[in-house]
Amino acid sequence: MLRPSMLPILGALAMVVVACAPADDTTSASGSPSSAAPSASASCAKDQLKLLKPGTLTVGTDKPAYEPWFKDDEPSNGEGFESAVAYAVAGKLGFAKSEVAWTVAPFNSAFAPGAKQFDFDVNQVSITPARAKAVDFSDGYYTVKQAAVALNGSKYATPASLADLKDAKIGVQVGTTSLTAVKSAIQPSAQPNVYNEQIDAVNALKNKQVDVLVVDLPTAFYVTAAQVEGSKIVGQFGSDEGAAEQFGLVFQKGSALVPCVNAAIGELRSSGELASIETRWLGSAAGAPDLK
């Protein structure tokens with residue numbers, strides 16, 4: 001998702017809102033075919049990689065670094081979804097944890113035109129055509145899911161499946177993938193309450209005008225942490241329709257590192273490691289159980 005302008009108000013809050021190729025796509029967001037596995041290509045050998053600092057993989061992210069993407073505002077500890085992804089990619093490229101250096105890269109500057117002080121940036125940056133004009137993206141490492149948010153203790157606070165939400169009064173923003181997902185995945189008994197602005201949908205939940213709010217999962221973490229006291233993510237789910245929003249690692253335009261990182265992501269996906277990292281940090285343990 002596209003990160004909202006409300007970010008400065010987060011302060012020390014432990015969550016953050018963020019903004020497309022299918023997960024099995026073999027073309028990178030920069031338009032280049034994914035390369036073979038790093039071990040099969042001399043250009044992807046560790047000592048041949050073109051890095052900001054020879055022998056060190058420099059990774060950028062914003063500060064504060066929020067949960068569940070990172071943990072304890074410390075990207076270098078390997079905990080949190082994006083920290084774990086970064087180290088998994090680094091490992092596939094041949095780097096030990098001690099050979100990875102982190103640098104602060106404010107969100108908006110990460111995908112602005114110009115030289116970068118990182119080899120890649122990981123910061124919930126959605127792949128968009130507009131951004132891809134200024135920077136290169138890796139293949140997506142996370143496909144954004146939708147989430148249902150309800151008030152603690154409500155009738156819809158503990159659904160066992162999407163079917164349990166069919167009779168709920170659902171609030172959702174117009175023109176979003178969330179609205180598409182409500183119609184295709186939940187298929188509610190009554191038409192959802194559709195709002196022009198997301199904040200209006202959030203306030204509808206806060207004021208008990210709707211039973212359930214549906215937003216993308218990154219936004220749901222923010223809603224429950226900062227916007228609606230006493231709310232919880234009651235489940236996450238995908239949508240069968242529409243283009244999937246994906247997060248990609250960000251590179252300086254023209255970076256030779258992109259195909260090597262794409263190969264690493266491909267290996268992590270095919271081995272199941274990427275899915276395991278997502279399950280650990282963005283699944284039930286993070287308070288967002290999967291609903292079918």
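## Helix packing and local backbone features

In this predicted model, the axes of helix 4 (residues 198-206) and helix 5 approach to within 12 Å and cross at roughly 55°. Helix 4 and helix 5 are therefore oblique to each other, and their crossing is right-handed. On the helix 4 side, the contact is made by Q198, I199, V202 and K206, and on the helix 5 side by T219, V223 and Q227.

The buried residues of helix 4 are A201, V202, A204 and L205. Viewed down the axis of helix 4, these buried residues fall within an arc of 155°, so they line one face of the helix. The partners of the buried residues of helix 4 are strand 6 (146-151), strand 7 (170-173), strand 8 (193-195), strand 9 (212-216) and helix 5. After helix 4 comes K208, which has a positive phi, near 60°.

### Helix 3

Helix 3 (residues 177-186) contains S178. The buried residues of helix 3 are S178, L179, A181, V182, S184 and I186. They pack against strand 6, strand 7, strand 8, strand 9 and strand 10. The relative accessibility of S178 is 6%, and this residue therefore counts as buried, the cut-off being under 20%. Apart from its neighbours within four places in sequence, S178 is in contact with Q146, V172, V214, V215 and D216.

Helix 3 is followed by Q187, which lies in the loop between helix 3 and strand 8. With a relative accessibility of 47%, Q187 counts as partly exposed.

The axes of helix 1 (residues 81-92) and helix 6 (residues 258-271) come within 9 Å of each other and cross at roughly 110°. That angle makes helix 1 roughly perpendicular to helix 6. Helix 1 contributes A88, V89 and K92 to the contact, and helix 6 contributes V261, A264, I265, E267 and L268. The residues of this contact divide into six nonpolar, no polar and two charged.

In helix 7 (residues 273-282), the residues L274, I277, E278, W281 and L282 are buried. Seen down the axis of helix 7, they fall within an arc of 100°, so they line one face of the helix. T279 and R280 are exposed on the other side of helix 7. The buried residues of helix 7 pack against helix 1, strand 5 (142-143), helix 5 (217-227), strand 10 (231-237) and helix 6.

### A buried loop residue

F118 is located in the loop between helix 2 (107-110) and strand 3 (120-121). The relative accessibility of F118 is 7%, so F118 counts as buried. Although F118 and T58 are 60 residues apart in sequence, their C-alpha atoms are 5.0 Å apart in space. Leaving aside its neighbours within four places in sequence, F118 is in contact with L52, T58, V59, G60, T103, A105, A110 and V250.

### Backbone features

Most residues other than glycine have a negative phi, and most peptide bonds are trans. The residues with a positive phi are set out below, among them K208 after helix 4.

| Residue | Phi |
|---|---|
| D72 | near 60° |
| Q187 | near 50° |
| K208 | near 60° |

D72 is found in the loop between strand 1 and helix 1. At 56% relative accessibility, D72 counts as exposed.

One joins K63 and P64, with omega about 0°; P64 is in the loop between strand 1 (57-61) and helix 1. Another joins E67 and P68, with omega about 5°; P68 is likewise found in the loop between strand 1 and helix 1. The loop between strand 1 and helix 1 therefore holds P64, P68 and D72, which counts as exposed at 56% relative accessibility.

Note on methods: Residues numbered from 1 in each chain as written. Predicted model: local features only at pLDDT ≥ 70, side-chain atom pairs only at ≥ 80, totals over all residues. Heavy atoms only, no water. Axes fitted to C-alpha atoms, helices over the stretch in contact; angles between N-to-C directions. Helix = DSSP H or I, 4+ residues; strand = E, 2+ residues; numbered from the N terminus. Parallel < 35°, antiparallel > 145°, perpendicular 65-115°, else oblique. Contact = heavy atoms within 4.5 Å. Nonpolar A, V, L, I, M, F, W, Y, C, P; charged D, E, K, R; others polar. Buried < 20%, exposed > 50% of the residue type's maximum accessible area, 1.4 Å probe, protein only. Arc of directions from axis to C-beta. Left-handed = near helix turned anticlockwise from the far one by under 90°.
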